[in-house]
Amino acid sequence: MTVNLQAIHDELVLVAYEAGRMMLSANPANIDTGTKLNSVDIVTETDQAVEKMVSSRLASAFPDVAFMGEETYKPGMRVGPEPTFVVDPIDGTTNFVHSFPNACISLGLAIDRSPAIGVIYNPWQDLLFTAIKGQGAYMTRIKGTAPQKLPLAHAPRPLEGLDKALVAIEWGSSRDGANYQVKTDVFKKLAATKETGGAMVHSLRSLGSAALNLAAVAAGQLDMYWEGGCWAWDVCAGWCILAEAGGVMASGNPGNWEPALEERVYLAVRGAPSGQKEIVEEFWKVIGDGKMDYSV
């Protein structure tokens with residue numbers, strides 16, 4: 001099946017702006033909120049309404065393209081080799097329900113289980129990130145202004161090691177068990193001084209959205225993002241944007257340089273003239289034997 005990537009990209013941008021209007025018009029204090037896994041795994045009626053709008057628009061425009069969305073996902077569903085929209089209607093729902101202005105819609109297209117288009121839009125900041133495989137990645141700060149090519153730096157700095165890195169992490173919705181233990185152990189090692197066996201990174205950041213973390217790495221605003229437990233719809237769009245900005249996506253578990261889209265454990269590194277391989281391997285040493293496993 002042949003698809004017109006530019007036409008799909010352009011429609012996804014229009015859909016993203018429409019979703020943004022829906023998010024901005026919602027009052028989190030007055031919307032119905034439910035939970036899935038636990039009290040921090042939140043879904044709102046706005047998530048569901050946005051996904052319904054997105055799936056309807058895309059089915060009408062591209063009826064032959066498959067669709068996977070967070071709110072309509074059923075256990076056991078997988079992204080196939082056929083062109084598939086991979087959508088998170090609101091990534092950063094916890095931020096959204098607290099009126100913290102750091103949430104977005106994440107719209108990806110996967111072909112052969114590989115990200116081919118990415119569109120991420122944060123309506124509170126009117127910040128749009130886009131990419132088409134092989135055509136570069138861009139950021140538009142305000143609708144109607146000229147897009148900026150990513151990464152934002154004309155001459156990105158080399159990656160010189162974890163002790164000079166700003167690293168994004170997320171706590172996730174699972175707050176117990178072996179995976180949570182691995183996460184918290186690594187968080188501590190990353191932040192601790194070298195004298196106590198740590199990496200002493202510049203700092204750790206949690207934007208509350210996997211898609212926005214990936215976009216910030218693509219832009220060069222963050223050096224790395226380590227994650228375990230997110231899903232294809234969280235990373236598909238951001239992965240495409242990252243790759244087109246010269247970034248690298250490795251596995252969040254040591255040893256795998258070519259993670260699958262549905263790996264669920266990721267390590268994103270910004271574009272740089274040197275140091276990508278070395279900083280990934282340094283990060284993997286911090287993880288050690290602490291492998292995360294989100295298989296279902």
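What distance separates the centres of domain 1 and domain 2, taken over C-alpha atoms? In this predicted model, the value is 22 Å. Domain 1 contributes 42 residues to the contact, and domain 2 contributes 25 residues. The domains themselves cover residues 5–149 and 162–287, respectively.

The second largest pocket was examined next. Its volume is about 190 Å³. The lining comprises 15 residues, of which Arg78, Glu262, Glu263, Arg264 and Tyr294 are the closest to the pocket centre. By class, the lining holds nine nonpolar residues, one polar residue and five charged residues. Both domain 1 and domain 2 give residues to this lining, so the second largest pocket lies between them.

Attention then turned to Ile90. The UniProt record, an unreviewed entry, lists Ile90 under "binding site". Ile90 belongs to strand 4, which spans residues 84–91. The relative accessible area of Ile90 is 1%. Ile90 therefore counts as buried, the cut-off being under 20%. Leaving aside residues up to four places away in sequence, Ile90 touches Met23, Thr46, Asp47, Glu70, Phe96, Ala103 and Cys104.

Backbone geometry was considered last. Most residues other than glycine have a negative phi, and most peptide bonds are trans.

The peptide bond between Leu150 and Pro151 is cis, with omega about 0 degrees. Pro151 sits in the loop that runs between strand 9 (148–149) and strand 10 (166–168).

Asp112 is not a glycine, yet its phi is positive, near 55 degrees. The residue is placed in the loop between strand 5 (104–111) and strand 6 (114–122). Asp112 has a relative accessibility of 58% and so counts as exposed, for which the cut-off is over 50%.

Met200 also has a positive phi, of about 50 degrees, and is not a glycine. Met200 counts as partly exposed because its relative accessibility is 43%, a value between the cut-offs of 20% and 50%.

How values were computed
Residues are numbered from 1 along each chain as its sequence is written. This is a predicted model: local features need pLDDT of at least 70, side-chain atom pairs count only at pLDDT 80 or more; totals for chains, interfaces and linings use all residues. Side-chain values use heavy atoms; hydrogens and water are left out. UniProt positions are given in the numbering used here, feature names are shortened, and annotations may be inferred rather than shown by experiment. Helices (H or I, at least four residues) and strands (E, at least two) are DSSP runs, numbered from the N terminus. Buried means under 20% relative accessible area, exposed over 50%, partly exposed in between (1.4 Å probe, protein chains only). Contact means heavy atoms within 4.5 Å. On a 1 Å grid over the protein atoms alone, a cavity is a set of points where a 1.4 Å probe fits but cannot get out, and a pocket is an open set with protein on both sides within 12 Å along at least five of seven lines; lining residues have an atom within 4 Å of a point. Grid points are joined across faces, edges and corners, and a volume is the space filled by probe spheres set on the points. Ala, Val, Leu, Ile, Met, Phe, Trp, Tyr, Cys and Pro count as nonpolar, Asp, Glu, Lys and Arg as charged, and the others, Gly among them, as polar. Domain bounds come from an automatic or database domain assignment.
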